[in-house]
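Subject: Structure for your review

Dear colleague,

Please find below the structure that I am handing over to you. My findings follow directly after it.

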Amino acid sequence: MRNFLPIAVHGYGLEEIACARLIMVLPLTSHPARFDGIFVALNPTTAMWSETTWRADIKAMQDVGMSFFVLPHLVRQTGPATATCALGKYDTYFPIDGSSLQAECFTPVGIEIAKHAGGTFGTVISAANATGMHIHLGLALQDGMDDPGRNVSVVKSFAWLQWEVAQQLWKLTTAAGLSHIVDGFYTEAEESNSHGWLEHMEDFSAHYFQPLAHDVHTLREDLLVWASPYAVANRTRYSTAEWVLPATFGGLWEQTFAWAPDLDLVALQDSTG
């Protein structure tokens with residue numbers, strides 16, 4: 001059961017989207033349901049927040065019992081692949097100086113480095129440290145990355161990009177002396193209980209989850225590397241011809257952990273009951 005961690009479930013049907021093993025464990029625990037963490041996605045407004053504003057926002061999270069937050073999509077695709085940029089063009093919320101990320105393909109946005117050495121990313125992690133909050137780091141959000149039918153070469157390239165991003169984030173965090181507040185990395189691709197994922201998860205596990213998780217663990221062995229799938233479980237509106245049943249979805253993730261032994265856990269997210 002250590003591989004399942006429900007941190008943010010919206011809508012209905014937690015008991016349906018979790019595998020049968022999770023259903024059996026929940027009634028046995030003495031701990032009440034609670035929110036331990038939250039996704040905090042940056043946008044053009046929050047990317048310009050000062051550290052003071054971030055401290056206040058993080059304090060509000062702590063006031064309702066949260067102990068960590070996830071910064072997803074620290075790299076966002078803005079344009080398609082070109083002759084120069086084989087994986088597309090991206091904006092980043094952190095400086096890319098000293099990394100292998102190409103300047104013509106990756107553009108830092110948000111707070112200028114002149115105002116904070118780590119840009120927007122550095123501002124947020126500094127505020128988290130000041131308030132005693134821990135964080136998980138997201139990576140790159142790429143167009144169509146949740147398409148389970150992508151060919152193996154594209155999946156391998158995407159895994160490589162994520163590792164390059166992870167290394168740069170870790171370097172910036174370490175340079176700031178704040179690596180101790182980082183608990184893990186979110187792998188970004190939003191898997192689901194669609195039949196497409198059932199068919200392609202073995203290749204995705206072998207060429208994305210496993211190499212990325214293995215590499216991240218070389219940064220620090222105890223870092224958690226995790227996925228956040230969603231599930232569609234409304235059998236009135238959605239057909240089992242398109243969406244697999246809960247027991248099958250649970251079995252798929254059990255097998256995924258066998259295909260990608262360095263993947264640490266699954267945090268169930270948005271689901272339709």
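Phe 249 and Trp 253 both belong to helix α7, where four residues, about one turn of the helix, separate them. An α-helix has 3.6 residues a turn, so residues three or four places apart point the same way. Please note that the model is a predicted one. In this model the two rings form an edge-to-face aromatic pair, with 6.4 Å from centre to centre and 75° between the planes. Phe 249 is buried, at a relative accessible area of 3%, and Trp 253 is buried as well, at 1%. The structure holds 14 aromatic pairs. Phe 249 and Trp 253 also belong to one aromatic cluster, together with Phe 158, Trp 197, Phe 204, Tyr 208, Phe 209 and Phe 257.

Among the buried residues of α6 are Trp 197, Phe 204, Tyr 208 and Phe 209. Further buried residues of this helix include Met 201, Leu 212, Ala 213, Val 216 and His 217. What covers them? The cover of the buried residues of α6 includes helix α7 (246-259), α5 (152-175) and the strands β8 (182-186) and β9 (224-227).

The length of α6 can be checked against expectation. Helix α6 comprises the 25 residues 195-219, and at 1.5 Å a residue it should span 36 Å; the C-alpha atoms at its ends are 34 Å apart, which agrees. The helix also has a bend of about 55°, located at Met 201. Met 201 is itself one of the buried residues of α6.

Strands β8 and β9 run parallel and are joined by three bridges. Within this pairing, Gly 184 has Leu 224 in β9 as its bridge partner. β9 also pairs with strand β11 (residues 265-266), again in the parallel sense, over two bridges. There, Trp 226 stands opposite Leu 265 of β11.

I turn now to charged side chains. Side chains of opposite charge can pair when their charged atoms come close. The structure holds three salt bridges. In helix α3 (residues 51-63), Arg 55 and Glu 51 lie four residues apart, about one turn of the helix. They form a salt bridge in which the closest N and O atoms are 2.8 Å apart. Arg 55 is partly exposed, with a relative accessible area of 40%. Asp 63 and Lys 59 also lie in α3 with a spacing of four residues, and their side chains meet in a salt bridge of 2.7 Å, N to O. Asp 63 is exposed, at 53% relative accessible area, while Lys 59 counts as partly exposed at 42%. Arg 220 and Asp 222 meet through their side chains in another salt bridge, at 2.5 Å from N to O. Here Arg 220 is partly exposed, with a relative accessible area of 23%.

Finally, two residues deserve mention for their backbone angles. Most residues other than glycine have a negative phi, and most peptide bonds are trans. His 73, although not a glycine, has a positive phi of about 55°. His 73 is placed in the loop between β2 (68-71) and β3 (75-79). Is His 73 buried or exposed? His 73 is buried, with a relative accessible area of 12%. Glu 188 likewise has a positive phi, near 80°, and is a residue other than glycine. Glu 188 lies in the loop between β8 and α6 and is buried, at a relative accessible area of 1%.

With kind regards

Methods:
Residues are numbered from 1 along each chain as its sequence is written. This is a predicted model: local features need pLDDT of at least 70, side-chain atom pairs count only at pLDDT 80 or more; totals for chains, interfaces and linings use all residues. Side-chain values use heavy atoms; hydrogens and water are left out. The expected span of a helix is 1.5 Å times one less than its number of residues. The bend at a residue is the angle between axes fitted to the seven residues ending there and the seven starting there. Buried means under 20% relative accessible area, exposed over 50%, partly exposed in between (1.4 Å probe, protein chains only). Contact means heavy atoms within 4.5 Å. Rings of Phe, Tyr and Trp (its six-membered ring) pair if their centres lie within 6.5 Å; planes under 30 degrees apart count as stacked, over 60 as edge-to-face and the rest as tilted. Two strands pair if DSSP finds at least two bridges between them. A salt bridge is a side-chain nitrogen of Lys or Arg within 4 Å of a carboxyl oxygen of Asp or Glu.
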